[in-house]
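Colleague: I would like to learn how to read the features of a structure that is new to me. Could you take me through them slowly?

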Amino acid sequence: MVITNGIAPISAPSPIGTTTISPQSPIVDPLPYVSLKTGLCYDVRMRYHAKIVTNAYDYTDPHPEDPRRVYRIYKALAEAGLVDMKGASGAEHIGGKLMQHIPAREATKEEVTLVHEIKHWDFIERTASMTQDELVEETDNGDSVYFNNESWFCAKLSCGGVIDTCKAVVNGDVKNAIAVVRPPGHHAEPYKPAGFCMFNNVAVASRVILKEFPEQVKKILILDWDIHHGNGTQRAFYNDPNVLYISLHRYDNGKFYPGGTFGNYDKVGEGPGEGRNVNIPWPCGGMGDGDYIYAFQKTVMPIAEEFGPDLVILSSGFDAAPGDELGECFVSPAAYGHMTHMLKSLAHGKLAVVLEGGYNLDSIATSALGVTKVLIGDAPIPLTNVYARPEAVQTVDKVSRTQARFWKCMKIGHMIHDLPEAPAVERLQDIIRRYQASQLFAHFSMTKLPIFRDRISRSFEDQVLCTPGFQSAKTVVVIVHDPPDVWTEPDPVTGQISLHETFVMDAEIKYIQWAHQKGYGVVDINAPAVFTDQEDEGYNVQAALQDLCLYVWDNYLDLSDARNFVFVGVGEACGGHVYLLGHREVRERVRAAIAFAGSKTVFPIVPIMDEFITDWYYKNSLVLTSSNHPMWEQSNGGKNPRKKYGNVQKTEYETMNELLIGKYTDVIAFAEEDIEESSSEEEEAGPDRKRLKNEGSSDEGWVDGVIPTSAAIM
């Protein structure tokens, strides 16, 4: 091509794969984001904060918040070739072709007090001049936090490093960044240090960014995947509409650190910040890749995308990784990488990752490496576990339904309107129970068993049914069960169900039919998930069920003529009959204890009345779980449950109805064998032996199963 006076003549189109650029056109970087490096904030001086050694035990078993945490992460990055190894000492420049060093500096009083009270700042400052005895005393009196004379300096350095890391991302000096800092921050409340944390690094950095970059950053998303709830961060922004805080953490019904209900799914923010707080509280340990990815895809990312943040700050604890003894979960480096990859799609890629917890040195190193590679631009490692556990699905559903009041993306498939105040509004569980009662009356003449006790929910008055004359039956089958399963296909938009396409799956009726055919008495106890007269917060359904089971035993079963009792529990209601067996003297009359646990909780027996009840329970129980019950996961160690959980067996069934029907023959055989064995022992004992026992003669070798009351010998 010939160019005359700087103007190119019109020519034929360029061949495919080539580009013609006018020499007068300015050359602009076509990929400004890609051309930037990933930032790394690391300073070896943060290792100066360490627990004061007071005994030999501190050497053999170091504190979990170990100064080596940050070095091991940096070392892993260096050995992977992401940064120059020469910087490992912390004395030379840290960086390389892929990463750019962000120096750490001390946070100022003005910055820190944007979140923390001045007395909090003053207290941390005083630790620099305290004696060793004073530091040890403050450590002993603190909330899981230790101090030495360098804690003040390291806390400022950690906080200042996070602030400048976020500034570098906002300014476009780096495309994204990771701050490998300590002490961590998300447990630090505005008024006190806690949970290994001095200053709330992420909260302070967020406040600084919102103050100093009002045009560039109007909304910040803080995503916290540390295994512990970030109570300090949540409190700092609980009424702030400009900061969305999302936390995935282990909750254990409020028993896991930091404890209490502040981390539950119903804590959504208040005032102008209502809806800007999203807690995803795992009910137990053992959560893994599939659970976290499911939560991200179903809740985290849809809400984050609707929020539309200008900056994403990731409170990145790695204590959900395998091997962490505090977290006891199984999130792999691959999953951390995938979650990071999803977060990079927000805020034009402006993502700052900040180290929080994580106390297994190998785990945090490999996990942080997985995150950093994705930050730089590498593809996430393929996942090997993509299936969510039932506990995860249930938890995420509760979160979605709660958040549907605030986010359009969560409304789909959920009924979010308030129920109308009309007499016709009623829980389906009560309607179904009335239908069950009518059917059981029609087929087996079963009627309500009177319950006279104020302490027990009035709803139980309609939940306990019995066959006529069960008090005089030789054998009584007591069934304690959850409401039957309901199968339906809800409308995908409104969440409403079509009654025409809704079916009640009540397989428990087979066991009542069996007992009726054998001439056994039957007591049927239905345990609804919520009692109609006790919906106040804090009401313990399991405790109410335990009270009811004791009441039925004390006032009816124990006073009956029955020589043999068979207890059958279904679902969470199993906790009621297991509690009874441990809190009353039952061994001589209860022949079998059968629990259809399915995928629900397997309850241990507590030996209150009888120190030998654990061995007895293991011998006389049959506890059936579904094939997908969490206790059988390899991640849980693959060990058989201890005897206090009974004779636990894994089945091939997944749903409760499949389990009830599929194991019917085995369960009936198990129960009848124990009943027949008891009858045989009684026959062998003879009438004289029974009479002596009933008259109170001592016989240490008396066989279990012979009733010591004259009322039982008819």
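This is a predicted model: local features need pLDDT of at least 70, side-chain atom pairs count only at pLDDT 80 or more; totals for chains, interfaces and linings use all residues.

Colleague: In which sense do S9 and strand S10 pair, and over how many bridges?

Modeller: Helices (H or I, at least four residues) and strands (E, at least two) are DSSP runs numbered from the N terminus, and two strands pair if DSSP finds at least two bridges between them. Here S9 and strand S10 (residues 464–466) pair in the antiparallel sense over 2 bridges. Helix H15 (residues 428–444) packs on the sheet and touches S9, S10, strand S11 (475–481) and strand S14 (521–526), where contact means heavy atoms within 4.5 Å.

Colleague: In what order do the 8 strands form the open sheet?

Modeller: The order is S9-S10-S14-S11-S15-S16-S17-S18, and the pairing is mixed. Strand S9 (447–448) and strand S18 (648–650) stand at the edges, each with a single partner strand, so one side of each is left without a neighbour in the sheet.

Colleague: How is the packing of two helices described?

Modeller: Two packed helices are described by the angle between their axes and the distance between the axes. Axes are lines fitted to C-alpha atoms, for helices over the stretch in contact, and angles run from 0 to 180 degrees between N-to-C directions. The axes of helix H5 (residues 118–126) and helix H7 (residues 151–171) come within 7 Å and cross at roughly 130°. That makes H5 oblique to H7, since angles under 35 degrees count as roughly parallel, over 145 as roughly antiparallel, 65 to 115 as roughly perpendicular and the rest as oblique. In this contact, Trp 121, Ile 124 and Glu 125 in H5 meet Trp 152, Ala 155 and Lys 156 in H7.

Colleague: And how is a pair of aromatic rings described?

Modeller: By the distance of the centres and the angle of the planes. Rings of Phe, Tyr and Trp (its six-membered ring) pair if their centres lie within 6.5 Å, and planes under 30 degrees apart count as stacked, over 60 as edge-to-face and the rest as tilted. By this rule the count comes to 16 aromatic pairs. The rings of Phe 318 and Tyr 336 have centres 5.0 Å apart and planes at 90°, so this pair is edge-to-face.

Note on methods
Residues are numbered from 1 along each chain as its sequence is written. Side-chain values use heavy atoms; hydrogens and water are left out.
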